[in-house]
Amino acid sequence: MEKLAGLTHLFVTVLLGSFSAFIVIPAITDVTMSALCPGKDECSLAIYLSGFQQAIIGLGTVVMTPVIGNLSDEYGRKALLTIPMALSIIPLAILAYSRTTTSFYAYFVIRTLTAMVGEGSINCLALAYVADNISEGQRASAFGVLSGVASAAFVCGTLAARFLSTASTFQVATLVSMIATVYMRVFLKETFPKGDSSQALLKKEPGMSPDDGNSSEKIQTFKKIPSVGDLISLLKCRAAFSQAAVVVFFNGLAEGGLQASLLYFLKARFHFNKNQFADIMLIVGVMGTISQLLFMPLLAPRVSEEKLLSIGLFMGCTNIFLNSIAWSFWVPYAIAALAAFAVFANPCVRSIASKQVGPNEQGKAQGCISGISSSAQIISPLIFSPLTALFLSQGAPFYFPGFSIMCIGFASMIAFIQSTMIRAVPPISSQPTSNSIEA
């Protein structure tokens, strides 16, 4: 694992950037409620607006993340990482300045637009950067450490939010986001994909003359701006990659549903405030950080990624179902410990996908996976936000405040079932070049 030392500047960049994003999460629910429905614990408008924003952001990232990932294969990870990190500063600065209703709507619009570019791009580019520098045998552990760094930022951000005022929270977030961008530009070394282009998943037809001009260019898949056909071809090339994509979609559906609904459910059900949200998130972050930084590097070389993926998804599914039937305020605190295992899912599925493409296609592959996750987050709030608002209102067809959360659990269960069907296959780079799949 000595190669991980070469990723120190990336880890610091991710730590600072993630900190600035996570520190505002406990506060944003209260800011939204105060701006839209002052003095109330239940606000359908806030739920619908949050769901709408999440869907629009997902729509943008479906398009932008594969494009940015693909461009990073051409122009380098650092160059493309600058764009989303710089854009993320703007919406934070708006709420750092003011949190009036007018400022909130300005934040809402700017945050939606900037997140369409940056929401999944930073993670996608960081994963591709790791893949550029770490061998396939150590990649699952490295992805776990990267996720652990993000979890550590989650813990630090949540803990800081617990003791800062709402105004100070957004001011600190803005400052740290600026520091992260400057640090990345100064210290992070640029990387480009390594490896022979003959390892590409999709190649030109054999016998094609380089003098064929435009016809030759048209059949080259994974152009600088990938088409839908390119992404479909990528999904069809390897069974393990397509199965991982299904897992990512349904897991993204569950994560998007929780993001759109869980905090509002807890606020309406148990009257949770910003500090109580922060406490639960702190438990989740601490358990996730310990798991990813300590357990993941030990387990990944000994237990297959496919098994770790299934374990993580099963624990996540269990967590959601228990939240849906929470009968007392202490239940969400108790089951937050399941995060110690649920965090296995993301680095494992990313590692599985990474091994199914050549070294010069890591940006494309991670962008494709991020785009699929984002597409799930377009659909998720459209389903679960209205469902949450309905079952938290007086007009619910029957009394079950956690009904929408339970439905989210079923999406997570589908991801778990699909994960059990993934079988270990040799990475593409270990196969003879002649076996490469052709367009």
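I count a contact when heavy atoms lie within 4.5 Å. The model I am reading is predicted.

**Entry 1: the main core**

I looked up the largest nonpolar core first. It has 51 residues. Ile23, Leu36, Phe104, Phe170 and Leu266 have the most contacts inside it.

Next I checked the domains. Domain 1 (1–192) and domain 2 (226–424) both contribute residues, so I place this core between them.

I noted the general background too: in soluble globular proteins, nonpolar side chains tend to be buried together.

**Entry 2: Leu36**

I picked Leu36, one of the residues with the most contacts inside the largest core. I left aside its neighbours within four places in sequence. Phe104 is itself on the list of residues with the most contacts inside the core.

**Entry 3: another core**

I found a second, separate core. It holds 28 residues, including Leu10, Val130, Val145 and Val149.

**Entry 4**

How many salt bridges does a search of the whole structure find? I get four.

I began with Asp73 and Arg77. Their side chains meet in a salt bridge at 2.7 Å, N to O. Arg77 also meets Asp132 in a salt bridge, again listed at 2.7 Å, N to O. I therefore asked why this second pair ties together parts that are 55 residues apart in sequence. Arg77 lies in helix 4 (residues 77–87) and Asp132 lies in helix 7 (residues 121–133), so the pair spans that separation.

I logged Asp73, Arg77 and Asp132 as a network of salt bridges.

Are these three buried or exposed? I used the cut-off of under 20% relative accessible area for buried. Asp73 is at 12%, so it counts as buried. Arg77 is at 1%, so it is buried. Asp132 is at 7%, so it is buried as well.

**Entry 5: Glu305 and Lys355**

I turned to Glu305, which forms a salt bridge with Lys355. Their closest N and O atoms are 2.9 Å apart. Where do the two partners sit? Glu305 is in helix 14 (residues 305–324). Lys355 is in the loop between helix 17 (345–354) and helix 18 (362–392). The pair links distant parts of the chain, 50 residues apart. I checked burial here too: both Glu305 and Lys355 are buried.

Technical notes. Residues numbered from 1 in each chain as written. Predicted model: local features only at pLDDT ≥ 70, side-chain atom pairs only at ≥ 80, totals over all residues. Heavy atoms only, no water. Core = buried A, V, L, I, M, F, W, Y, C linked by side-chain atoms within 4.5 Å. Buried < 20%, exposed > 50% of the residue type's maximum accessible area, 1.4 Å probe, protein only. Domains from an automatic or database assignment. Helix = DSSP H or I, 4+ residues; strand = E, 2+ residues; numbered from the N terminus.
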